[in-house]
Each structure stands twice: as structure tokens, then as C-alpha cells.
Amino acid sequence: MFRKMFLSPFFAPIFFGVLWGALLLVVLVFFNEQKFELTTDGQLIDILTYTGYGLMLFVMLCLVKDFKDKMLLWSISVMLGVAALLREAGIQHHLSSTDSTPFKSRFFLNPNNPLSEKIIFGAVLIMIFGALLYLAIKYTKHLVTSFFKLDTITWSIATFCGVLVFAKFADRFPSHWRHLNNLDKLPRDFIDIWSLLEESSELFLPYLVIIILLQHHLCLKKRLFIN
């Protein structure tokens, strides 16, 4: 019964919607005054996020045999997973000797930043964006067509992408809102709410990847059993 539910195309969106909603409800009702503190380093959301990334990489390694015919896809997924974990850890703020982060356009346009660092970090960006472009070119057509066929993996991937886009939107929205309205600063509660929305949604990204991997594993076993 649970296996059938787990392999439903609606499992991932319901999993995210219910648990995210429950988390926000608990925080806003019982810990409203501490909602910003809960999103800071070393606090509950941070711990759950790192736990998720650790479990995600562990599951990737355990299920490597599922990708024996798609080792490039597995390798790219592991690389992007490690990159996401390092970004979550804030490594980008400790790489450049002269700037706050080497992964923004201003870093490459600033003549005071060393050319060697621009070449190294530029190569890293090209590698990451190249990997994403490869995935987009190879799988977008399949994902679009299979989405309307209620394919389980596709719907889970769509849920992951939707959460990722929302998290990035929540991250940027306060600063864009401030500039749009010509405000010197934003109310503390406004910033705290959007910080909570960003961090709490990002928390589920590695867990959604785990769901995708396990669904893929079970679907493979199901096909092998039928064959």
C-alpha cells in the first residue's frame, strides 16, 4: 500500500506541501518571535538541511548501480549535489582573497581581483552551467511530454524545480522590493518572514532528491520484475 502511494506522481508535491506547511505553522504559531533565529547557522533548519544533504549523497552512492547505463548522469548529479552542499555551507564567501564571493558578475568585472582567481572560478562556473545545460538539452523534451502522462519521476523532478525556483525568489524578493519602493531599509518582521520562507523551502531540496532516487530505484525493480 505504501509502495503504491510512494510511486504516485502526486507523492512528492503532497510530501513537500504538507510537511512545509506544517513546519511553517509550527514556527509561526509557537516560535514566531524566534523565527529568524531558527534559520541561522547551527539552528534547527540548518541542522535538518545538512542532514538532508548527507543522506542524499549517501543514497546516491548506495544506488550507483541503478545508473550503470547512465554513469554520466550519475556523475553530474553527484557533482551538483556536492556543489549545492558547499554553497549551503557558504564556501563561496571564503574562496576569493579580495572579494566577498567569486561567483557574481562584479567579481569578474572588478580589476582589483586577481586574474588567476577569475580563470579558476570562471572555469568552475562554466563546468556547473555546462552540466546544467547538458541536462536541460538531453532531458527537457522527455520531461515535458512525460509530465502530462503523469510520470512519477517527472512530477517529483518538477516539484524539486518548483521549490528551487521559489527558494531563489524568496531569497531575492526583499532586496528587490526595497529597491523597487526606494526604501532605506525593510521592517525586521518582513525580512524574517522571507528568510524563513527561503530557508525552510531549501531544507526540502535534498529530501526531494532522495525521493526521486528511491522512486527511480523502485521503478527499475518493478520493470525488471515484470520483464
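Arg-172 sits at 46% relative accessibility, so it counts as partly exposed (the label covers what falls between buried, under 20% relative accessible area, and exposed, over 50%, with a 1.4 Å probe and protein chains only). Arg-172 also pairs with Asp-171 in a salt bridge, with 3.9 Å between the closest N and O atoms. Keep in mind that this is a predicted model, where local features need pLDDT of at least 70, side-chain atom pairs count only at pLDDT 80 or more, and totals for chains, interfaces and linings use all residues. Residues are numbered from 1 along each chain as its sequence is written, and side-chain values use heavy atoms, with hydrogens and water left out.

**Salt bridges**

- The structure holds three salt bridges, each being a side-chain nitrogen of Lys or Arg within 4 Å of a carboxyl oxygen of Asp or Glu.
- As background, side chains of opposite charge can pair when their charged atoms come close.
- Lys-168 and Glu-202 make another salt bridge, at 3.5 Å from N to O.
- That pair ties together distant parts of the chain, 34 residues apart: Lys-168 belongs to helix α7 (residues 152-180) and Glu-202 to helix α8 (residues 188-202).
- Glu-202 is buried, with a relative accessible area of 5%, whereas Lys-168 is partly exposed at 30%.
- Asp-192 and Arg-188 meet in a salt bridge at 3.0 Å, N to O.
- Asp-192 and Arg-188 are four residues apart in helix α8, so about one helical turn separates them.
- Here Asp-192 is buried, with a relative accessible area of 10%, while Arg-188 is partly exposed at 48%.

**Fold and packing**

- The chain has nine helices and zero strands, these being DSSP runs numbered from the N terminus (helices: H or I, at least four residues; strands: E, at least two).
- Along the principal axes, the C-alpha atoms fill a box of roughly 65 × 50 × 30 Å.
- Of the 227 residues in the chain, 37% are buried.
- Take contacts (heavy atoms within 4.5 Å) between residues at least 6 apart in sequence: 67% of them join residues at least 24 apart.

**Surface and charge**

- The accessible surface of the chain is about 14200 Å², and carbon and sulfur atoms account for 71% of that; areas come from the Shrake-Rupley method with a 1.4 Å probe.
- The chain carries 21 positive and 17 negative charges, whose mean positions lie 14 Å apart.
- Lys and Arg count as positive and Asp and Glu as negative, leaving out His and the chain ends, and each charge is placed at NZ of Lys, CZ of Arg, CG of Asp or CD of Glu.
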